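Take a look at the charged side chains in this predicted model. The walk below goes from pair to pair.

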Amino acid sequence: MNTEYKTYKEAFVSGTTGSSVLHVNMICSVALSSIALHSALRSRIVIFRTTSFFIEWLVIAAPLLLSMTIYANAPGTLSMLLLVPTAVLLLLPPIERGTPLPIQLDESKSDGVTSDHDRSLRASMSPLPVLSIYRAHMMLMTVLSILAVDFQVFPRALAKCETYGVSLMDLGVGSFVFSQGVVSAIPLLKDPSHLQKPLSTKLMQTLKKVAPIAILGLIRLLAVKGTDYPEHVTEYGVHWNFFLTLALLPIFEVFTHRMILRMPVALLGLWIGVLQQCLLSFAGLQDFLLNAPRNSIISANKEGLISLSGYLSIHLIGLSLGTIILPPRPSFFRKQQAILADGKRQDTSLDLTVPRQPAKTTSELCAYTVVWWVLLAFIRLKLAVSRRMVNLPYILWISAVNTSCILGYSLLDIFFPGRVSHLKDTSDPTGKRLMDEEGSHAPLLVEAINKNSLVIFLVANIVTGLINLSLKTLYATDGKAMLVLSGYGFGICGFAWLFRNRRLW
């Protein structure tokens with residue numbers, strides 16, 4: 001790559017100070033507005049009940065691209081453009097009242113061999129549309145922004161901040177970790193006694209699971225260094241990258257299992273966040289991160305190493321949320337903790353045989369949302385948000401925004417019960433494929449993205465690199481940029497759609 005252009009590009013993504021919390025929240029609200037429109041179309045207009053990739057892309061993915069480019073400075077206007085037709089559609093009578101979500105499996109279809117407990121366990125742990133939509137939107141925002149940031153049409157206020165500030169891309173990194181934490185709750189819910197298993201056994205199992213991500217991190221390091229690709233070293237360091245962080249967090253989580261037995265997971269995550277801030281403020285880590293020369297392997301990668309405990313805090317707070325929204329009752333895991341802490345035999349059937357309680361789950365989400373926002377407001381009176389350090393304000397900001405988003409999707413799920421049930425996939429007229437998706441009835445594009453999310457993220461990174469190596473993105477006009485970004489986004493979603501019935505990895 002041309003040295004002059006490389007220097008210019010590195011300077012282009014450096015020194016940014018971000019936007020405001022309100023601005024980022026308004027951009028995130030576009031995702032909620034798009035799902036509201038999608039739900040209204042599916043529940044009121046017959047023709048939209050036939051699944052179409054173009055419609056799914058137009059309603060679910062395209063607004064996200066617009067929110068970070070053309071409408072980046074007016075996301076509220078874009079939300080209104082989506083909500084006005086939604087309100088008009090709601091004046092029409094619904095086509096049919098679907099089954100309230102999350103749905104339960106039909107026990108009448110039992111093969112006669114599976115026990116009641118096994119059936120209830122499968123039913124209660126089926127993928128939730130709310131979680132599927134949240135994770136897919138988070139992935140879409142990430143995939144679109146990693147290329148959009150290289151064009152002038154993407155406002156600098158949305159790029160990663162140099163040291164302090166909030167931005168869309170700062171939110172994306174933390175949200176990835178938060179989402180990883182949410183799904184990490186699944187093995188603990190299926191078998192709470194996993195917390196008491198030998199440390200060595202759990203470490204070996206975890207190492208096998210994260211090995212592919214660690215390998216991707218090493219491949220990315222070699223690819224970046226080998227192609228002289230522009231990089232911003234203050235993000236993670238000279239050799240570190242986000243894949244390595246993602247690979248290490250599940251390993252660190254294993255070491256917290258004994259503490260999880262004795263205290264609420266959210267409180268543990270918060271205390272680790274407080275410890276991170278104390279190390280930054282009183283143990284000299286902040287000064288080391290900001291001022292130490294990169295003359296050793298440690299100091300060369302100081303951002304990646306120092307941020308690990310902060311990201312662990314976010315991971316655990318996400319795990320805490322997973323223990324609330326995934327089981328049929330939000331109190332399930334807390335009761336299991338109490339049973340295990342008292343040394344009693346685990347009774348997994350305690351809550352798994354009962355229907356879901358979406359109202360109670362939503363109430364707990366509301367409570368956590370208020371707590372995180374209040375704590376954030378208090379802490380920001382003294383400290384500024386820093387993604388580079390992953391300090392306590394950043395941890396609270398990520399927790400507040402992600403909990404709010406999941407709460408928003410939950411409220412939409414209550415408002416549009418069964419909004420996408422009985423959808424017809426035109427490539428599968430029997431409807432069997434849809435029902436084989438383990439009970440989940442989120443939009444098919446959403447399910448397609450979630451089925452192969454890691455592969456999609458990897459493909460997006462490769463395509464982003466190829467585009468940057470073949471096109472001087474900083475010199476592209478807004479029109480050309482939108483053409484490239486639209487084609488890129490459409491292609492990535494098309495790839496996901498093509499393999500929606502097959503797990504690639």
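Start with Arg-334, which is partly exposed at a relative accessible area of 39%. Here buried means under 20% relative accessible area, exposed over 50%, and partly exposed in between (1.4 Å probe, protein chains only). Glu-364 counts as buried, at 18% relative accessibility. The two form a salt bridge, with the closest N and O atoms 2.7 Å apart. The pair links distant parts of the chain: Glu-364 sits in helix α19 (residues 358-379) and Arg-334 in helix α17 (residues 332-341), 30 residues apart. Helices are DSSP runs (H or I, at least four residues), numbered from the N terminus.

A salt bridge here is a side-chain nitrogen of Lys or Arg within 4 Å of a carboxyl oxygen of Asp or Glu. The structure holds seven of them.

Another joins Glu-56 and Arg-42, at 2.5 Å from N to O. Glu-56 lies in helix α3 (residues 53-67) and Arg-42 in helix α2 (residues 21-44), so the pair ties together parts 14 residues apart in sequence. Glu-56 is buried, with a relative accessible area of 0%. Arg-42 is buried too, at 1%.

Now turn to Lys-197 and Asp-191. Their closest N and O atoms are 3.2 Å apart, in a salt bridge. Lys-197 is partly exposed at 34% relative accessible area. Asp-191 is partly exposed as well, at 24%.

Finally, Arg-294, Glu-303 and Arg-388 are linked in a network of salt bridges.

Some notes on reading the values. Residues are numbered from 1 along each chain as its sequence is written, and side-chain values use heavy atoms, with hydrogens and water left out. The model is predicted: local features need pLDDT of at least 70, side-chain atom pairs count only at pLDDT 80 or more, and totals for chains, interfaces and linings use all residues.

Key:
Helix = DSSP H or I, 4+ residues; strand = E, 2+ residues; numbered from the N terminus.
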